[in-house]
Amino acid sequence: MNNEKEKLGRREFIKDALRTMTAAVIGGMGGFIGGRAAKNTVWQLDPNKCVQCERCSTHCVLTESAVKCVHAYDVCGYCQLCGGYHRPGAKIQDTAAENQLCPTGAIQRTYVENPYYEYTITEALCNGCGKCVKGCGAFGNGSLYLQVRHDRCLNCNECAIATVCPSGAYQRVPSDRPYILKGQQGQGS
Ligand code: SF4
Ligand code: SF4
Ligand code: SF4
């Protein structure tokens, strides 16, 4: 019992640390856009409306999309079998490339403690395809989701993705609140 409590305590500690990390990264991005934007609105996608049609990865005017996967760590279940990481039907739930859902190897899986695993996104490798988002939403807690990254986005007058988005997820938001976040980071935004 004490052992279980200790495990849960450690898990909460890890989650807190990751939450702080996410806040720092997102906060840094927000500060950047706030100082740069000439207009007072920027494009952002609402993760609650996104249906992961994959057009975010193919229709951005940039060669590598400005849309990236982000992770709400405080929502994640740290699952051993992750619907966002493993291909459906993967027989062995390990890190072998053939068992991974992400086409670019952008998700890292790290053992935390039995039976928990941590999943982190390498944004430089992510093309915003949303396959992991769909997988996580179907089988997990929906902690993976897409966001326009404002350190990359050109804030086009007319966003090429917005014109093809089938679900109305793309919208302009105030430049001082440039992200629509899930989990605790999203509260009050
Ligand atoms: S185009 Fe719209 S629905 Fe498709 S992945 Fe992007 S935000 Fe989601
Ligand atoms: S599956 Fe697609 S959206 Fe998810 S991390 Fe990989 S490249 Fe990015
Ligand atoms: S505004 Fe332009 S650069 Fe930004 S996501 Fe849309 S198409 Fe890409």
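Let's start at ligand 1: its shell holds ten nonpolar residues, three polar and one charged. Nonpolar here covers Ala, Val, Leu, Ile, Met, Phe, Trp, Tyr, Cys and Pro; charged covers Asp, Glu, Lys and Arg; the others, Gly among them, are polar. There are 14 residues around ligand 1, and C50, C53, C56, C165 and A169 come nearest. A residue is near when its C-beta atom, placed from the backbone, lies within 6 Å.

A word on the source. This is a predicted model, where local features need pLDDT of at least 70, side-chain atom pairs count only at pLDDT 80 or more, and totals for chains, interfaces and linings use all residues. Residues are numbered from 1 along each chain as its sequence is written, with chains lettered from A and ligands numbered from 1 in the order written.

Next, ligand 2. It has 13 residues around it, with C69, C102, C126, C129 and C132 the closest. That shell divides into eight nonpolar, four polar and one charged.

What about ligand 3? Its shell has 13 nonpolar residues, one polar and no charged. Of the 14 residues there, C60, A66, C153, C156 and C159 come nearest.

Now the protein chain. It has four helices and six strands, counted as DSSP runs: H or I of at least four residues for helices, E of at least two for strands, numbered from the N terminus. Along the sequence the order is α-β-α-β-β-β-α-β-α-β.

Last, contacts. Two residues are in contact if their C-beta atoms, placed from the backbone, lie within 7 Å. Among contacts between residues at least 6 apart in sequence, 76% join residues at least 24 apart.
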